[in-house]
Amino acid sequence: MNVQPILRPACRPRDAAGARAAAWVLLPMLLCAARPAYAEWFYDAHAGGLYDDNLTRAQQAADVRGDGAATLAASAGWFHAPSGTDGITLSLDVNSEAYARFHGLNLISVGGSAGYRHKFGLGRDVPWASITVSAAHDDFRGDIRTGDRLEASLEVGKRLSENFDASVGIATDRRFASNDQPVVPGISGKPFDLRGHSVFARAAYGLTERLQVGARVSVRRGDVVSTTRQNLDIFLASDAIAADPTFGSDFYAYRLRGTTTEAHATLSWALSDRSSLNLSYGVARTAAYDDLNYLSRLGTILLAFRY
Amino acid sequence: MRTLLALALSALTGHAALAQHEIAAAVVDDKGKPVADAVVVAVPADGGLRLPTRRDAVIDQVDKEFTPKVNAILVGTPVIFPNHDNVRHHVYSFSPAKRFELPLYAGVPAQPVVFDTPGVVVLGCNIHDWMVGYIYVSESPYFAKTRADGKAVIADLPPRNYVVRVWHPQLEGGEAATKRSVDVTGKRRVDVEWTLKLKPELRVRRSPVGEHSGHY
């Protein structure tokens, strides 16, 4: 799969680029869907909740805001195996989040993804490689976060035993904010216009016939957004600023360069071959510049279904 | 007429005499729970085997699973692998008893696969990694597979002494440890019980894993 048409516009900070890139992802999906011979359709749904203890990504305790949300997501996907070692997956995805306190974070997201996976041989334990490209439009209730999102990843992995598999990969992400709301002349008002690159590793281990534990670690270098009250140090380090009324009339979202190190653990209980109950806990530490470091923790509970 | 009737009765009686010996097996795990899909095999202790005519066996693929999951066949049996899913499968085995590959296909393959070496053959699909199936290729025509209640009957046994053993995909230790000597001579039915220690079934997981990606 040629990813160039998707990655190239991702480097241009223009809204239209996001829409074009999304079309590059969605177009082959529609074309492939028109060829149903031996295609495998699947439908996924996730329902649950999350709690993030630092939604503002703030350092100072006075600026830290945590909240919980109900989440609901659904996907309709298409899988085709052009050969015994290759697989193409396309999906249309809808995701929603509804927060208890900070309604500006309420989200409806519509997008699609395309993936190609190759196994280097025959058998469960041969190495594999995959490339995945996804695009989505995120419509937040708070306008400054609304925009288009693009992500691409390259991953290689191997099953080390019947119940243990592991993979490593690289990814790039890009968000195109739809609304420019400058508060300082000469400084961009699109703090959520973001780009970043990351490396990640993940592993899953089956403890029993039904219980699986998974772990994912990643390091991302790129733009991050910290929302705080007016802060001179952050102001001087940031290159985009906008008012962020989601957290209060005196809060501002600052875009900074930073490195985020993240670790997630997931415990997944298979209820059947088509459903599971999942608990996860993640910690992300971001170092934005010399004086700004913040920590956020995310806990989720999800019921997952696949038909 | 009477002579014919007498001959017919004699034939029936003789057949009944041959068919009246059977081994009734009951297999449970170490918690006393019945074990389904255990293969019970009886091999004449004197080694004398008369193999019956081979018939084709069928291992289906339905809803992206091998059906049945465990099969017992006689050595030399041709097996057909029809695919009743609306997606293609790529069936393979690396087992020493039979290495083969049916490249990506739909429908019914043109040629069956002949299993000509006794042993256990583990089946997989290169598209759907969670698919796993087992074929127990028996050197003896006297075998049976336990039902959900853990019971199986090996019928139509000639009166002899047999070495009887049990195999299961999750059996801990080899099947040689399950060997029993069973003499059915002069007995219509012999009951034999096994208690097996089974390993957990840690196959590739099929059910979805739910993950939520955080924001940065």
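User: Which residue is the bridge partner of Ile23(B) in strand 14 of chain B?

Analyst: The bridge partner of Ile23(B) there is Ile154(B). A word on the source: this is a predicted model, in which local features need pLDDT of at least 70, side-chain atom pairs count only at pLDDT 80 or more, and totals for chains, interfaces and linings use all residues. Residues are numbered from 1 along each chain as its sequence is written, while chains are lettered from A and ligands numbered from 1 in the order in which they are written.

User: What makes strand 1 and strand 14 of chain B a pair?

Analyst: Strands here are DSSP runs of E with at least two residues, and helices are runs of H or I with at least four, numbered from the N terminus. Two strands pair if DSSP finds at least two bridges between them. Strand 1 (residues 21-29) and strand 14 of chain B have five bridges, in the antiparallel sense, so they meet the definition of a pair.

User: Why are strand 14 and strand 17 of chain B said to stand at the edges?

Analyst: Three strands of chain B form an open sheet in the order 14-1-17, with mixed pairing. Strand 14 (151-157) and strand 17 (189-196) each have a single partner strand, so one side of each is left without a neighbour in the sheet.

User: Why is Arg149(A) called buried?

Analyst: A residue is buried if 20 or more other C-beta atoms, placed from the backbone, lie within 10 Å of its own, exposed if 12 or fewer do, and partly exposed in between. Arg149(A) has 20 such atoms within 10 Å, so the residue is buried. Across chain A, buried residues make up 35% of the 307 residues.

User: Where does Arg149(A) lie, and which residues does it contact?

Analyst: Arg149(A) lies in strand 6 (residues 147-161) of chain A. Contact means that C-beta atoms, placed from the backbone, lie within 7 Å. Leaving aside neighbours within four places in sequence, Arg149(A) is in contact with Ala135(A), Ala136(A), Asp138(A) and Arg175(A).

User: How do you know that strand 5 and strand 6 of chain A pair?

Analyst: Eleven bridges join these two antiparallel strands, and at least two are needed. One of the bridges links Trp128(A) with Gly157(A) in strand 6. Strand 5 and strand 6 of chain A form a hairpin, with six residues between them. Strand 5 (residues 128-140) is also joined to strand 4 (residues 107-119) of chain A, by 13 bridges, and these two run antiparallel.

Key
Contact = placed C-beta atoms within 7 Å.
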